[in-house]
Every structure is written in structure tokens, then in C-alpha cells.
Amino acid sequence: MSPDGRPATNNPTPFECSEALLRVFEYLDGEMTAEDVSRVRAHLDACAECFRQYDLDQMVKMVVKRSCGPQPAPTQLRSSILTRITMIRVETE
Ligand SMILES: [Zn+2]
């Protein structure tokens, strides 16, 4: 039985969490096909752990956009922002 009462059969081809998280960046960049988008959304809907991560990624994206404009953010900047946001969230939870 799943904790939120959803039937497990609701998700016939689930992503592994690691794959879903990798796909989130493509999802945010709008680089995915409609089919992949719906699969990622289905996983995020069913997996609280990935949904938290997705929320963080959205925040990073917004912060990066503001500080770097239209340029893609360097990976190092992106991960350092992600680390800071994670620390802030841990402190406030
Ligand atoms: Zn997951």
C-alpha cells in the first residue's frame, strides 16, 4: 500500500528516481517530447522525493536566470546555488 493511498498500478512504466531527476533539467529547458514530459510529470506526481528535488531545480533555474541573463549557467554555479538552497531548506524545515 502506498503512503498517500494511490494505487500502485497507476504507474505502469515508472522512471527510476535517478532517471527522472536527470530528465527534470531537460523538462525545465523545454527540450523534451510531449511523451517524456508526461512520464516525468507522472513520476513527480507519484514520488515525493523527486518532487522536492524538482522544486529545488525550479528555484535554481529562476536564480540562475536572474544572475546570468539568457546565458546558460555554468554547472559549478548551478550546483553551488543548489547546495545553498538545500541548506536553507534544511534549516527552515
Ligand atoms: Zn522518484
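A: Begin with the secondary structure. The protein chain has four helices and zero strands, and this is a predicted model. Read along the sequence, the pattern is α-α-α-α.

Q: What percentage of the 93 residues in the protein chain is buried?

A: Buried residues account for 13% of the 93 residues.

Q: Why look for nonpolar residues among the buried ones?

A: In soluble globular proteins, nonpolar side chains tend to be buried together. In this model, the largest nonpolar core consists of seven residues: Ala 20, Val 24, Tyr 27, Val 40, Leu 44, Cys 50 and Tyr 54. Two or more residues of this core come from each of α1 (17-29), α2 (34-46) and α3 (48-68).

Q: Which element gives the largest share of this core?

A: The largest share comes from α1, with three residues.

Q: Which residues does Tyr 27 touch, not counting residues up to four places away in sequence?

A: Leaving those out, Tyr 27 touches Met 32, Val 37 and Val 40.

Q: At what angle do α1 and α2 pack?

A: A pair of helices is described by an angle and by the distance between axes. For α1 and α2 the angle is about 125 degrees, and their axes are 10 Å apart. The two helices are therefore oblique to each other. The crossing of α1 past α2 is left-handed.

Q: Which residues make the contact?

A: From α1 they are Ala 20, Arg 23, Val 24 and Tyr 27; from α2 they are Asp 36, Val 37, Val 40 and His 43. By class, the contact of α1 with α2 has five nonpolar residues, one polar and two charged.

Q: Across the protein chain, what share of contacts between residues at least 6 apart in sequence joins residues at least 24 apart?

A: Of those contacts, 52% join residues at least 24 apart.

Terms used. Residues numbered from 1 in each chain as written. Predicted model: local features only at pLDDT ≥ 70, side-chain atom pairs only at ≥ 80, totals over all residues. Core = buried A, V, L, I, M, F, W, Y, C linked by C-beta atoms within 7 Å. Buried ≥ 20, exposed ≤ 12 C-beta atoms within 10 Å, placed from the backbone. Contact = placed C-beta atoms within 7 Å. Axes fitted to C-alpha atoms, helices over the stretch in contact; angles between N-to-C directions. Parallel < 35°, antiparallel > 145°, perpendicular 65-115°, else oblique. Left-handed = near helix turned anticlockwise from the far one by under 90°. Nonpolar A, V, L, I, M, F, W, Y, C, P; charged D, E, K, R; others polar.
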